[in-house]
Amino acid sequence: MAQPDSKKIFFENLSGAGKAIAVLTSGGDAQGMNAAVRAVVRMGLYVGAKVYFIHEGYQGMVDGGENIREATWESVSSMLQVGGTVIGSARCKEFRTHEGRLKAAHNLVRHGITNLCVIGGDGSLTGANLFREEWSGLLGELVEQGLIEASAVQKYSALHIVGMVGSIDNDFCGTDMTIGTDSALHRIIEVVDAIMTTAQSHQRTFVLEVMGRHCGYLALVSALACGADWVLIPEMPPEDGWEEKMCQKLSATRSRGTRLNIIIVAEGALDMHGKPITSSFVKDLVVKCLGFDTRVTILGHVQRGGTPSAFDRILASRMGVEAVLALLETTANTPACVVSLYGNQSVRLPLMECVQMTQEVQKAMDEKRFEEAVKLRGRSFENNLKTYKLLAHRKPESELPTSNFNVAVLNVGAPAAGMNAAVRSAVRVGISEGHKMFAVSDGFEGFYKGQIKEFKWADVGGWTGQGGSLLGTKRTLPAKHVDKIAEQMRKHNINALLIIGGFEAFESLLQLNEARATYEEFCIPMCMLPSTISNNVPGTDLSIGADTALNAIVETCDRIKQSASGTKRRVFIIETMGGYCGYLASVGGLAAGADAAYIYEEPFDIRDLQANVEHLTEKMKTSIQRGLVLRNENCNDNYTTDFIYQLYSEEGRGVFDCRKNVLGHMQQGGAPSPFDRNFGTKISAKAMQWISKKLVEAFRQDEGRVFANTEDSCCLLGMRRRALVFQPVVQLKEETDFVHRIPKEQWWLKLRPLMKILAKYKTSYDISDAGQLEHVVRNRPKESDASVAM
């Protein structure tokens with residue numbers, strides 16, 4: 001697990017000594033902004049810079065005084081789990097004037113600030129860039145007015161700007177996800193899940209209005225995540241006559257036995273003629289045409305509120321650190337940049353390129369060039385829209401292609417939230433491609449016993465929001481029953497396999513690939529989707545179910561820490577699942593603000609434990625009241641949770657007391673998070689399209705059968721940095737530690753120093769993976785259609 005030393009930083013490299021960094025939040029608030037502020041402050045202090053808060057956004061910069069205060073390590077404690085922004089945000093008309101910006105420049109020079117980290121939307125970032133361009137002129141005016149010394153012009157000659165996009169609408173071009181979007185989706189899905197139970201009870205139709213005046217991202221993704229019957233968004237105005245088509249769809253859904261309908265409307269939804277489509281109009285339409293009992297729910301500012309999700313905390317923390325690195329590396333000639341997320345990687349993009357493309361989207365919509373507007377929104381939005389169209393609207397039987405191929409889908413291993421969304425997606429996309437879809441109950445155990453049933457479109461209705469595995473799943477591997485499984489495949493004429501599961505699914509696919517030499521029944525296209533809370537499958541950065549588990553860990557840690565408020569100093573020892581994989585402990589620790597996380601991949605001994613106790617004791621004496629230590633269940637045979645608890649209790653005596661908690665199977669249960677619903681839905685759709693392509697390629701016309709035995713016909717579909725990639729499982733064997741059931745190299749290990757830095761440890765930080773300044777690309781290459789960030 002050695003990391004490259006060439007670009008590791010400590011205080012001596014990329015030093016911030018003598019620099020002053022200010023952080024502000026501007027425009028609308030978004031959950032996760034506090035995590036970004038915390039990361040900027042602590043990373044700034046770590047590299048030796050002075051860090052300042054600018055309270056109340058640009059208004060605070062213009063007003064100065066108490067609004068600009070120096071930040072300390074302790075001033076950002078206990079803010080990670082708080083929604084909104086604790087340093088305040090305000091829209092400032094004065095900053096839009098030259099006089100306002102002159103006042104702001106004077107206030108920054110007073111504090112020696114020449115590095116600004118702006119967290120906000122495109123308006124806030126555009127204002128920051130204008131401020132940067134005018135900077136030298138503003139300083140000249142301040143000298144003329146006698147407000148600053150002439151020497152200050154040379155000393156503070158350049159203003160450096162780095163932006164992070166905080167917006168629940170995800171309406172900024174150049175990033176897959178903005179800070180706050182995932183949390184807003186959590187709020188929406190919580191409401192939808194609650195509404196579904198009452199809607200079913202009374203056979204009602206619900207019309208939900210969500211935010212998105214100019215961008216339909218929240219409406220589109222929440223429609224995907226809950227399997228809504230209809231969605232109305234600004235980027236895709238419905239064609240004339242949509243009212244009748246929608247009512248036909250609702251009526252057809254009811255006729256198949258469904259007891260409810262969900263329609264999601266973005267607040268900025270329009271028809272083809274630019275006329276607004278309101279939630280009340282949709283309600284009246286349904287009542288008039290169908291006579292259904294219909295209700296409207298407008299979510300409003302509920303979507304902005306509440307605790308940030310695990311995804312937003314991690315995203316904001318990564319972006320905050322990346323923003324400080326960008327400020328340290330910037331020169332007078334470097335353009336203002338924005339820190340973005342592309343797939344699973346941080347990138348830096350020129351701020352104004354992103355702003356201009358964002359403005360082009362609105363221009364395209366104003367000129368009714370809607371297809372172009374969708375493309376300009378970016379691959380994430382475009383892929384979501386394609387997937388929604390594929391799954392939501394069933395084609396008539398007469399329009400479906402007839403492939404005469406039979407595809408089986410099954411779950412293998414432990415259950416994980418999001419499996420059901422993946423099965424639903426596979427079944428519906430398969431039917432749309434003209435295949436017969438078969439579902440296997442209870443994994444390979446059910447397979448060899450013949451528990452195989454054809455699934456129709458309606459059989460998977462309502463599956464998206466269900467936790468666990470509705471098909472049933474077992475850890476049984478196929479090797480011992482390969483002859484009986486081959487017999488069942490002959491009996492049902494199975495032409496392709498889609499396996500959804502964790503490490504057992506990976507091992508199963510390897511065994512089936514080996515069995516091809518003996519049984520021709522396995523010479524068919526086979527694909528695996530990684531689905532496990534442990535995130536321990538080789539060939540992928542992320543697995544279906546891991547995000548839900550992280551949220552369960554983070555929510556529990558928040559509650560546990562809150563239980564100590566008002567009491568004496570206390571440290572909590574929390575045990576997480578994951579087998580030998582430390583993903584949940586490490587990334588959960590980063591999201592929950594842990595002081596330490598013990599994992600198998602990073603060996604530790606009694607000296608490390610002692611150092612951690614001493615570090616925590618020192619912090620307890622000077623600042624914090626609560627400590628959090630996470631331990632992976634298999635990190636060490638001897639240093640058990642009980643041992644660590646007793647060690648901390650004894651060594652911390654007189655300074656803090658200790659409590660322990662084993663989270664157990666609560667990490668595996670619950671409704672899937674919006675991320676897992678959409679990740680499962682989209683990668684499953686992509687896998688089925690790959691299977692369809694392989695079936696056509698492998699069909700032998702002369703024999704009238706499918707035959708595929710090459711390496712590339714037995715693949716795992718995984719997220720690799722920026723792209724979703726189909727990888728032959730045989731090639732992944734070399735990357736796998738089969739004894740401990742983990743990949744030999746794991747990307748998230750690079751996040752561990754970040755957790756330590758934010759917990760006030762002096763450690764080296766590997767910046768070899770830090771974002772380099774790139775340019776906004778309008779049409780990404782097709783193979784990079786990762787769009788994992790929902």
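Predicted model: local features only at pLDDT ≥ 70, side-chain atom pairs only at ≥ 80, totals over all residues.
Two strands count as paired if DSSP finds at least two bridges between them.

Start with E25 and strand E26. They form a hairpin, with 2 residues between them. Arg 721 sits in the turn and has a positive phi of about 55°. The two strands pair in the antiparallel sense, over 6 bridges. E26 itself covers residues 723-728.

Now the other pairing of E25. Strand E18, residues 526-530, pairs with E25 in the parallel sense. That pairing has 3 bridges. Here Met 526 has Cys 714 of E25 as its bridge partner.

So much for partners. Is E25 mostly covered or mostly open? Mostly covered.

Step back to the chain. It has 24 helices and 29 strands. Of its 790 residues, 61% count as buried. Take contacts between residues at least 6 apart in sequence: 80% of them join residues at least 24 apart.

What about overall dimensions? The C-alpha atoms fill a box of roughly 90 × 70 × 50 Å, along the principal axes. The radius of gyration is 27 Å, which agrees with a compact globule, because 790 residues packed that way would give a value near 28 Å.

Last, the surface and the charges. Accessible surface comes to about 29700 Å², and carbon and sulfur atoms hold 48% of that. The chain carries 88 positive and 90 negative charges, and their mean positions are 3 Å apart.

Notes: Residues numbered from 1 in each chain as written. Heavy atoms only, no water. Buried < 20%, exposed > 50% of the residue type's maximum accessible area, 1.4 Å probe, protein only. Helix = DSSP H or I, 4+ residues; strand = E, 2+ residues; numbered from the N terminus. Rg over C-alpha atoms; globule rule 2.2 N^0.38 Å. Contact = heavy atoms within 4.5 Å. Areas by Shrake-Rupley, 256 points an atom, 1.4 Å probe, with all protein chains shown as cover. Lys, Arg positive; Asp, Glu negative; His and termini not counted. Charge placed at Lys NZ, Arg CZ, Asp CG, Glu CD.
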